[in-house]
Amino acid sequence: MADLKLTDVAKTYGGKVNVLNNINLEIEKGELIVFVGPSGCGKSTLLRMIAGLEKITGGELQIDGQVVNDVPPAQRGIAMVFQSYALYPHMTVRENMSFALKLAKKSAAEIEEAVNRAAKILQLDDYLDRLPKALSGGQRQRVAIGRSIVRDPKVYLFDEPLSNLDAALRVATRIEIAQLKESMPDSTMIYVTHDQVEAMTLATRIVVLANKGIAQVGTPLELYERPENEFVAQFIGSPAMNLLAGEIVETGDATTVKLDDGGTARSAVPTQTSDMGLKVNIGVRPEDMMLTEGTDYLFSDTVSIVEALGEVTQLYFEQPSTDKDTVIAKLPGIHSDIRGTALKFTADPAKVQIFHHGQSLYYR
């Protein structure tokens, strides 16, 4: 398997339309890297550039120390799994999985060994003689993955492979991909998705793309617990992190922020004496909002909408008199009779982030 290194990689169409700028990223052998970001951020384009299906218009891509900018896709040692299964309907599972090996003039013994190995990993042993029409959507996607495994590539590329599946199949196939990665610990995989659950559960590290570049790279928990900027804070996590405006009134190893809405936020993010009076946004996730009846509270308002989801209840506070985003609190259990109630919330200082001009003060 392979290491990848992207240095100042850029993509421009027609010399005018710039899609990606200054992409710098190192991927180590054995990692499962997930690209996430809003629609149009360039995550699939970046994947296709790595595959050789899109030309790199700036910078350098290395695979195992070799610059491959001008190397044809077939010679990069890469296998790609797309949204569409793209299986040959008239071929059996065995024939679909072995087709590329036959084109590569592999011996019958090599082909049989490779197909049987991939079928065992993906639990397709009992389906090798079936046609695609006799398989479920999840099984067809496993065949598409198996078609990549038999080639024993340096790098596996997945372009939203679960987006065509229904919710139940997405969960089942996501678990199968996680098990596949465990069974192939040295394999290097790059996975594009818009689904945060896939990103958080599958990734060794997540690459968040935005504004034609990389917003942050880190482990799933690093991005969730310590976002570098407001974009990542609100993109990772569902519902998004709440942002409340205020002013720093106490600095030091712990920071106190007086909020514009009247509440007081305490954060474990350290600040300097020169930060006194700084206009900031504090960030707190809906699941970190805790009910309180005391006079020392972070946020207080009347519940506007209630979503009882069973294991949790989501409370929405519209704040119609302001232009601020809706504040959301997530409480464990069922609280269906709470609409129209005035509530107060606090939060653990370790869970409270501080942002200035969109950037986290924790990382400066």
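Helices, as named in these legends, are DSSP runs of H or I with at least four residues, and strands are DSSP runs of E with at least two, both numbered from the N terminus. The model shown in every view is predicted.

**View 1. The largest pocket and the elements that line it.** The largest pocket holds about 460 Å³ of space, and 21 residues line this pocket, with Ile78, Ala79, Met80, Phe82 and Arg151 lying nearest its centre. Strand S6 (78-81), helix H2 (93-103) and helix H4 (137-149) each contribute at least two residues to the lining. By residue class, the lining of the largest pocket consists of 16 nonpolar, 3 polar and 2 charged residues.

**View 2. The second largest pocket, with H3 as the main contributor to its lining.** About 220 Å³ of space lies in the second largest pocket, which is lined by 14 residues, those nearest its centre being Leu101, Lys106, Ala114, Val150 and Arg151. Both H2 and helix H3 (108-121) supply at least two residues of this lining, and H3 gives the most, with 5 residues. The lining of the second largest pocket divides into 8 nonpolar, 1 polar and 5 charged residues.

**View 3. The largest nonpolar core and the surroundings of methionine 97.** In soluble globular proteins, nonpolar side chains tend to be buried together. The largest nonpolar core in this model has 44 residues, and the members that touch the most others are Val36, Met97, Ile145, Ile149, Tyr191 and Val208. The largest share of this core, 5 residues, comes from H3. When neighbours within four places in sequence are left aside, methionine 97 is in contact with Val115, Ala118, Ala119, Leu124, Leu128, Val143, Gly146, Arg147 and Val150. A second, separate core has 30 residues, among them Val19, Ile33, Phe35 and Ile63.

**View 4. An open antiparallel sheet formed by S15, S20 and S16.** Strands of a sheet pair through backbone hydrogen bonds, either parallel or antiparallel. Here 3 strands form an open sheet in the order S15-S20-S16, with antiparallel pairing. Strand S15 (290-291) and strand S16 (299-302) stand at the edges, and because each has a single partner strand, one side of each is left without a neighbour in the sheet. The antiparallel pairing of S15 with strand S20 (residues 342-346) runs over 2 bridges, and leucine 291 has phenylalanine 345 in S20 as its bridge partner.

**View 5. Threonine 256 in strand S12.** Threonine 256 is placed in strand S12, which covers residues 255-259. With a relative accessible area of 9%, threonine 256 counts as buried, because that value falls under the 20% cut-off. Not counting residues up to four places away in sequence, threonine 256 touches Glu247, Ile248, Val249, Glu250, Thr264, Ala265 and Arg266.

Terms used:
Residues numbered from 1 in each chain as written. Predicted model: local features only at pLDDT ≥ 70, side-chain atom pairs only at ≥ 80, totals over all residues. Heavy atoms only, no water. 1 Å grid on protein atoms, 1.4 Å probe; cavity = no way out; pocket = protein on both sides within 12 Å on 5 of 7 lines; lining within 4 Å. Points joined across faces, edges and corners; volume = space filled by probe spheres on them. Nonpolar A, V, L, I, M, F, W, Y, C, P; charged D, E, K, R; others polar. Buried < 20%, exposed > 50% of the residue type's maximum accessible area, 1.4 Å probe, protein only. Contact = heavy atoms within 4.5 Å. Pairing = 2+ DSSP bridges. Core = buried A, V, L, I, M, F, W, Y, C linked by side-chain atoms within 4.5 Å.
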